[in-house]
Amino acid sequence: MTIIAETDRLIIRTWIPQEDAEQALKIYSDPEVTRFLPNSKATDLEQIVNTLERWVKIAAQLNNGTGLWAMVLKETGEIVGTILLVPLKGNDGQFTEDYEIGWHLKKSAWGKGYATEAAKVILNYGFNVLKLREIYSIVNQDNTASIKVTQRLGMIPIGSTTKYYNMKLELFKLEAPPQ
Ligand SMILES: CC(C)(COP(=O)(O)OP(=O)(O)OC[C@H]1O[C@@H](n2cnc3c(N)ncnc32)[C@H](O)[C@@H]1OP(=O)(O)O)[C@@H](O)C(=O)NCCC(=O)NCCS
C-alpha cells in the first residue's frame with residue numbers, strides 16, 4: 001500500500017483489493033453512486049475485488065504516478081470513495097495523452113466537501129509532482145453534483161466532446177499554475 005497524499009481530513013492511498021472489498025462494495029453497489037459510472041457497478045464481493053484489482057493493474061501498467069485511489073477518513077479509517085488521475089481513454093479504447101481527474105463518493109459522504117478536498121491535493125500532485133501541463137474532467141451533462149465539484153475547483157468548461165469513451169460528455173479543464 002502506498003500513500004499518495006494527505007489532506008486535513010483524508011488519506012489518499014492505493015487500494016488493497018481483498019482487504020478493502022467489503023467497504024468498496026458498499027460504495028459501488030449503490031445505484032445512486034453508479035448512475036453515471038456503468039463500468040464500476042458491483043453486486044458482489046468477487047466483482048468488486050475484480051474492479052479493485054483492475055484499478056491496481058492500470059496504475060502498474062501506466063507506471064507514471066497516476067492511478068485510482070481510495071479516499072480514507074483519517075478520523076475513523078472509513079473508506080469514503082475514490083479519487084483518480086489517469087489518462088483519458090479515446091474511442092478506440094486506448095489511453096490518450098490527456099489526463100482526467102475524477103471522484104466517486106459513497107452516498108453517506110456526500111455534502112461534506114470530501115471530493116473537492118481530495119481533488120485539490122491531487123491536482124497539486126498532478127501539476128507539481130507529475131508535471132502535467134493541464135488536467136481535464138469529463139462529466140455527464142446531467143451529473144449536476146459533479147459539475148459543481150469542477151466549478152469549486154475553478155475548472156474551465158470547454159463544452160461537450162465525443163472524443164473519449166465513445167460517449168458525449170462535458171469537458172472541463174484546469175491548466176498548471178505558472179511556474
Ligand atoms: C460527484 C460527487 C463526488 C459530489 O459529491 P459532493 O459531496 O457534492 O461534493 P464535495 O465532496 O465537493 O462536497 C461539496 C458539498 O459539500 C458541502 N460541504 C459541507 N462541508 C464542506 C466542507 N468542509 N468543505 C467543502 N464543502 C463542504 C458543500 O456545500 C457542497 O454542498 P452543495 O453542493 O449542496 O453546496 C458525488 O455526488 C458522487 O459521488 N456521485 C456519484 C459518483 C459520480 O457520479 N462521480 C462523478 C463522475 S464524473
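Predicted model: local features only at pLDDT ≥ 70, side-chain atom pairs only at ≥ 80, totals over all residues.
**Phe172 contacts.** Leaving out residues up to four places away in sequence, I listed Ile135, Tyr136, Ser137, Val139, Ile147, Thr150, Gln151, Met155, Ile156, Pro157 and Ile158. Phe172 lies in strand 8. For one contact I took the C-alpha distance: Ile158 is 14 residues from Phe172 in sequence and 5.5 Å from Phe172 in space.

**Strand 6 and strand 8.** I went on to the pairing of strand 8, residues 169-175. Strand 8 runs antiparallel to strand 6, and I found 6 bridges joining them. In this pairing I noted Val139 opposite Glu170 of strand 8. I also checked how covered strand 6 is, and 5 of its 6 residues are buried.

**Largest pocket.** I looked up the volume of the largest pocket and got about 1,300 Å³. I counted 46 lining residues, and the closest to the pocket centre are Phe36, Leu37, Trp103, His104 and Asn143. I asked which elements give two or more residues to the lining. They are helix 2 (31-34), helix 3 (45-62), strand 4 (79-89), strand 5 (95-105), helix 4 (114-129), strand 6 (134-139) and helix 5 (144-152). Strand 5 gives the most, with 7 residues. I sorted the lining by class and recorded 25 nonpolar, 12 polar and 9 charged residues.

**Helix 3.** I took the span of helix 3, which has 18 residues. From first C-alpha to last, helix 3 reaches 26 Å, close to the 26 Å expected at 1.5 Å a residue. I listed its buried residues as Ile48, Val49, Thr51, Leu52, Trp55, Ile58 and Leu62. I then looked for what these buried residues pack against, and found helix 1 (17-28), strand 3 (67-73), strand 4 and strand 5.

**Positive phi.** I noted Asn63, with phi near 50 degrees, in the loop between helix 3 and strand 3. Asn63 is exposed, at a relative accessible area of 65%. I also noted Lys131, with phi of about 65 degrees, in the loop between helix 4 and strand 6. Lys131 is exposed too, at 54% relative accessible area.

Key: Residues numbered from 1 in each chain as written. Heavy atoms only, no water. 1 Å grid on protein atoms, 1.4 Å probe; cavity = no way out; pocket = protein on both sides within 12 Å on 5 of 7 lines; lining within 4 Å. Points joined across faces, edges and corners; volume = space filled by probe spheres on them. Helix = DSSP H or I, 4+ residues; strand = E, 2+ residues; numbered from the N terminus. Nonpolar A, V, L, I, M, F, W, Y, C, P; charged D, E, K, R; others polar. Buried < 20%, exposed > 50% of the residue type's maximum accessible area, 1.4 Å probe, protein only. Pairing = 2+ DSSP bridges. Expected span 1.5 Å × (residues − 1). Contact = heavy atoms within 4.5 Å.
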